[in-house]
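The sequence and the structure come first, and the description follows.

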Amino acid sequence: MNAFDARSVALEGSNLIEAAAGTGKTYSIEGLFLRLIVEQHVPVEQILTVTFTQAATAELRQRIYQRLVK
């Protein structure tokens, strides 16, 4: 199996990221989200991101916001 690399994975279709705790899932989702905005000019409203908990969603939202502000 090849290692997942959010910097080079194709942005077409769907991406499923499933792994154990502490493996960089949030970082990978953040990277894909930002690539869709910057590289593909996809509006935020058209990107569907699903996480397991509301806390994970809040963390992801904050991390993406902070990266966009930078």
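## A buried glutamate

Glu30 is buried, because its relative accessible area of 4% is under the 20% limit. This value, like the others here, comes from a predicted model. Glu30 belongs to helix 1, which covers residues 25-40. What does the side chain of Glu30 make a polar contact with? The partner is the side chain of Arg63, at 3.1 Å. Setting aside residues within four places in sequence, Glu30 is in contact with Leu60, Arg63, Ile64 and Arg67.

In soluble globular proteins, nonpolar side chains tend to be buried together. Here the largest nonpolar core is made of twelve residues: Ala6, Val9, Leu11, Ile29, Leu32, Phe33, Leu34, Leu36, Ile37, Ile47, Leu60 and Ile64. Helix 1 and helix 2 (54-69) supply at least two residues each to this core. The most comes from helix 1, with six residues. Leu60 and Ile64 are members of this core, and both are also in contact with Glu30.

Ser28 is another residue of helix 1. Is Ser28 buried or exposed? Ser28 has a relative accessible area of 12% and is therefore buried. Ala6, a member of the largest nonpolar core, is among the residues that Ser28 touches. Val9, also in that core, touches Leu32 and Arg35, among others.

## The chain as a whole

How many helices and strands does the chain have? The secondary structure comes to two helices and zero strands. The radius of gyration is 12 Å, close to the 11 Å that the globule rule gives for 70 residues, so the chain is as compact as a globular protein of that length. Along the principal axes, the C-alpha atoms fill a box of roughly 30 × 25 × 20 Å.

Of the 70 residues in the chain, 23% are buried. The accessible surface comes to about 5,700 Å², and carbon and sulfur atoms account for 55% of it. Among contacts between residues at least 6 apart in sequence, 51% join residues at least 24 apart.

Note on methods:
Residues are numbered from 1 along each chain as its sequence is written. This is a predicted model: local features need pLDDT of at least 70, side-chain atom pairs count only at pLDDT 80 or more; totals for chains, interfaces and linings use all residues. Side-chain values use heavy atoms; hydrogens and water are left out. Helices (H or I, at least four residues) and strands (E, at least two) are DSSP runs, numbered from the N terminus. Buried means under 20% relative accessible area, exposed over 50%, partly exposed in between (1.4 Å probe, protein chains only). A polar contact is a pair of N or O atoms within 3.5 Å; within protein, one must be able to donate a hydrogen and the other to accept it, and residues adjacent in sequence count only if both atoms are side-chain atoms. Contact means heavy atoms within 4.5 Å. A nonpolar core is a set of buried Ala, Val, Leu, Ile, Met, Phe, Trp, Tyr and Cys residues joined through side-chain atoms within 4.5 Å. The radius of gyration is taken over C-alpha atoms; the globule rule is 2.2 Å times the number of residues to the power 0.38. Accessible areas come from the Shrake-Rupley method with a 1.4 Å probe; for residues, only the protein chains shown count as cover.
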